[in-house]
2 protein chains.
Amino acid sequence: MKNSHYKIHFFPDEVAVDIEKGKTILDASYKGDLFINALCGGDGTCGKCKVILKSGEVDSMPTTHISKEEKEQGYVLACRTRVMGDLEVLIPEESRLDKSQILTSDYPQFPGSLAAVSLGAEQFKRNTLVRKVYLELSPPDMDDSMADYERLCQDIMVKADIPLEMLTTNFTVLKHLPSVLRNSKWKVTATLGYHGSSVEILEVQAGDVSAGNYGVAVDIGTTTVVAHLLNLTSAETVDSEATYNSQIKYGDDYIQRIIYAEQNNAMEIMQESMVEDINHLISTLVKRNNVSIHDISAVACAGNTVMTHFLLGLDPWNIRKEPYLPSASFVPPLRAEEIGIKINRNGLLYTLPGVGAYVGGDITSGVLAIRLDEAEALSLLIDIGTNGEIVLGNKDWMVCCSASAGPSFEGSGISCGMRAAKGAIETIHITKNFEVVYKTIGNVSPAGICGSGLLDCLANLVISGVVDRTGNFQKGIDTERLRKTDDGYEFILVDKNDTATKKDIVITQADIQNLIRSKAAIYSAISTLIEAMGMDIHDIEHLYLAGGFGNYLDIRSAITIGMLPDILVSKVQFVGNTSVIGAKLSLFSEDAYKIAKAIASKMTYFDLMSNNKYMEEYISANFLPHTDIEKFPSVAEELKVS
Amino acid sequence: MKNSHYKIHFFPDEVAVDIEKGKTILDASYKGDLFINALCGGDGTCGKCKVILKSGEVDSMPTTHISKEEKEQGYVLACRTRVMGDLEVLIPEESRLDKSQILTSDYPQFPGSLAAVSLGAEQFKRNTLVRKVYLELSPPDMDDSMADYERLCQDIMVKADIPLEMLTTNFTVLKHLPSVLRNSKWKVTATLGYHGSSVEILEVQAGDVSAGNYGVAVDIGTTTVVAHLLNLTSAETVDSEATYNSQIKYGDDYIQRIIYAEQNNAMEIMQESMVEDINHLISTLVKRNNVSIHDISAVACAGNTVMTHFLLGLDPWNIRKEPYLPSASFVPPLRAEEIGIKINRNGLLYTLPGVGAYVGGDITSGVLAIRLDEAEALSLLIDIGTNGEIVLGNKDWMVCCSASAGPSFEGSGISCGMRAAKGAIETIHITKNFEVVYKTIGNVSPAGICGSGLLDCLANLVISGVVDRTGNFQKGIDTERLRKTDDGYEFILVDKNDTATKKDIVITQADIQNLIRSKAAIYSAISTLIEAMGMDIHDIEHLYLAGGFGNYLDIRSAITIGMLPDILVSKVQFVGNTSVIGAKLSLFSEDAYKIAKAIASKMTYFDLMSNNKYMEEYISANFLPHTDIEKFPSVAEELKVS
């Protein structure tokens, strides 16, 4: 018996999807490549996937996330609503993921970025991981009857300065070599792939095609995947593209995804999903730039340890169980084709090495990008996402840790929170008279608040005196914006008449506590790490902020709420997507890739969870900015003045 | 429309084969795994595939190889006779290939073999190309959270003394590593495969299974394929097995096979045929010895350059065209599975390196086996087959050449010639009264003469005065054995009443000229090589005879006819199948394999064809033993005495 299928029309996208009876509206949206926010992975717990049902029959499960008022307007949770007939569905702005805000560029919009410097040719020898060498072999004759393969190897040795005993190859090359050499009149281009202690002749092509040598650097984030197309001959970035990580549908953070994969025996699905994202990015990049997929012989991926495991199809189970072990931190170069990545069929996949279960190749990449491993002065690298990874050190030593900040800076767990997408409030200012000034991404009517907006909001709430240093609303203030609901107090940031959702944008007492917990996790990680090394915050000469969120936040706000320590703003630098930068540096330079390995070996992982001090610090940090205001003299000054 | 099929019954084997109408009897015999002698590859030119048609309808093409008398007895050429109905076919003894005479043992039946010595543990460090190392990893805990793969690598580094940076692995190992480690309580066996400049972790298994480490050494001859099953843990040979090279059906010598493959676009067929032979041998060996195919992780193959090309599926076209180039002489280790060899799925295939188009890995193997490359005294290695390969040198230098001896020593082109199979005359003595004493293989009625018998025959013909030193019959001698036919004179060796074929076994004037040409090719190669190096035959301290034919011949006869130079018999050693010995040594010792590569690099190929002196020498050698009898003082003495 065949199951019935129904047609779902999504608006305003005007996308129609055929789907089986009984599937959810969320399933249908994925089928239509529409990204609906589903932070919890479709469990019905986050309440982010609200859509408006315009017409049609559904079977909707009860939820506390939809108010009576919303229900009347047709709101349902996409993940809890099963399709029972043809439907018309409107996806409201605030439920939508939007690609526009993914940080594709490796350079942040702030000037003086160190990352820009580190990409200079002066940093590393320009010996790409995969290179193409044009060779004019001397044709054989009766006095020189060396076999084809050895003739080729001899010339490669001379031209590319690679010892003979390091050279190896594959069946495909050996099979086609005689005809390629003769058809090309002994003028060929050899593609050489670095394997560690050996160099593989990946391909031999007729004529001089050495200019057509491309690579792709990929940052595999939990939320976003960013790819850069590189011209390996000129060592230039040709183009970049980004997409949401399709695994979002299986859970917002990587622990949720491991659980999903384990419970549903879905490792293959997780892998395919990621490979498809990468293939999609590569295919977009090559089409847009008129590059042949055949000319891409290398992909370098940097990601956290779990993402790397999903990509390679390696067991991630032990990552979430004591003593928290990856299957591999140093993955040797492998044939990209073997996991389904569509580049040259003999092309190689390089993986940036990680330090452990919670500090992955993206962080090694970050250290490489800013050369923290060569810094004279004590430096701190902070990459803030769902997890905040922190590296402290200089050229002599490096320690790193990872703190679970939770997804509140990505809009999850916050009543009006949203991702940094169009319509999100990204900067906010609250005056002494409790007036609210804000700016949205895309300068449209606001639909919610994203991470940087939340940071600003919290900082301004404390400076303006709306909340006290414990984060509690000051009930006595003279403004109608503070109101009491059934769930407690909330502060109205934007009136419903001015919003895209036609609902008030508010921040609640619960939201504030969530944000404080997130910022406390990061601050206490930083301070515990610094203290454990017998240092003081004043010893830090450079603080580098990396990652998508890190590039939009206001440093002063971050200090005011006590997420970052009280440090001179001039010491702080935004360094952009250092994950993709490290992957690029590796592709451009075998030396850089080797250094990445040395960095990963050299970094000591510091486990916060098994450190008693961390919990103490964390509790002390559950204040604005901190229980000990003396640790934040600039904020003490700010609060006095205001 | 479906073609008709008919049933062919072969006798005395009692094998029945179904075959399509229009196919030849030879095709049917291959289908039934019956080896009929077809030296020319089914071209109708050699006349060796005579069978007797007992009943049934055929379409037989005319041939000069079947006499009127034979025709009446039902004789047809299997390759020229098409099946037009159900048949009964008798395969006579002399048309049959028999596996009994293939030299499977690496030690010849003669004592004092150097080959036996060279296999001693004292020769090479016992570090097998693929080894299994049992590891007891320390289980991880919160203070030691190194990833699984690095934990494994660390232990391998310590236990197997392999630098970390040389270690690499494959997807399969990475995928299964976490579960194998945990299920085995961190006690595992790692299989390590030598790749040149890197070492691949081929497999990781639970528990201590390091004893189950087997390899297979293969000698791929043009005519025969020999395989030895090796226990790599104890460095012992477990068993050996041999078979005819199934490619025989496509031509007797390798040039014919290249032409066949080229004309019929049959490279894949040639490769499959060879892979099937090897798989068949391996499967026989593992069954007989109760070894799991999974425990075989390495195969080492030694063969001439053309056989190696067919095995790997590499273009052999340029081997037979000036300037005679192989696709590759040094083939890196490759995954055996990729060409279809059925061992452990991650097992490696090692190929012994060759010198050039006409001196292959079998000869490098031979030099390795007798360590000619370390010899103090000037030594000569001769491997006689369809081609005679010769190596001259010592620890300081080595030159090698290849002479096309033609297949007459394998029985082809000789009227009563046959392979060294049951019923072949292997030794022969002709008395002063022209009586003939002989011995056959298997002590049965004679069916023909094999190589060693032909050598004896020719030597005795000249000593007894039946032929003069030009090879011409002495018409005046007093014996009825010498008779004139339409084709000229012939000497009856065995009367038809005493033969298995019920036909006289004779040697004709044409046969003698063929044999002289063959022996002259070998002798002139030896003497040209020696002279080109400014040496004299007396400078040779050791003469090593290798290969199947080399192990059955009578040295005195070989000197008498002038195939070997006049050297003290005590300087000559039979060294057996040095091709398989070299492959074995390599599997037993990475060092030996490296030395094989050094040997191949060190050997200088000497091209006889472009050397004017060779033709002169060849013409001078077209005498018995030579035009210049002074070069053969012992033979001059022999002829005087006789």
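1. Which residue of chain A comes closest to the rotation axis? In this predicted model, the residue is Ser197(A), whose C-alpha atom lies at 2.9 Å from the axis.

2. Chain A is superposed on chain B by a rotation of 180 degrees, with 0.0 Å of shift along the axis and an RMSD of 0.1 Å, which is the relation of a two-fold axis. Both copies use the same surface, since 100% of the contact residues of chain A recur in chain B.

3. The contact draws 44 residues from chain A and 44 residues from chain B. On the side of chain A that touches chain B, the elements that give two or more residues are helix 4 (148-160), strand 9 (167-169) and helix 5 (171-183) of chain A, and the largest share, six residues, comes from helix 5 of chain A. Sorted by class, this side of chain A has 21 nonpolar, 14 polar and nine charged residues.

4. As for the chain itself, chain A has 16 helices and 29 strands, and its C-alpha atoms fill a box of roughly 100 × 70 × 45 Å along the principal axes. A compact globule of 642 residues would have a radius of gyration near 26 Å, and the 27 Å of chain A agrees with that.

5. Among contacts in chain A between residues at least 6 apart in sequence, 69% join residues at least 24 apart.

Notes
Residues numbered from 1 in each chain as written. Chains lettered and ligands numbered in written order. Predicted model: local features only at pLDDT ≥ 70, side-chain atom pairs only at ≥ 80, totals over all residues. Contact = placed C-beta atoms within 7 Å. Helix = DSSP H or I, 4+ residues; strand = E, 2+ residues; numbered from the N terminus. Nonpolar A, V, L, I, M, F, W, Y, C, P; charged D, E, K, R; others polar. Rg over C-alpha atoms; globule rule 2.2 N^0.38 Å. Least-squares fit on C-alpha atoms with pLDDT ≥ 70 in both.
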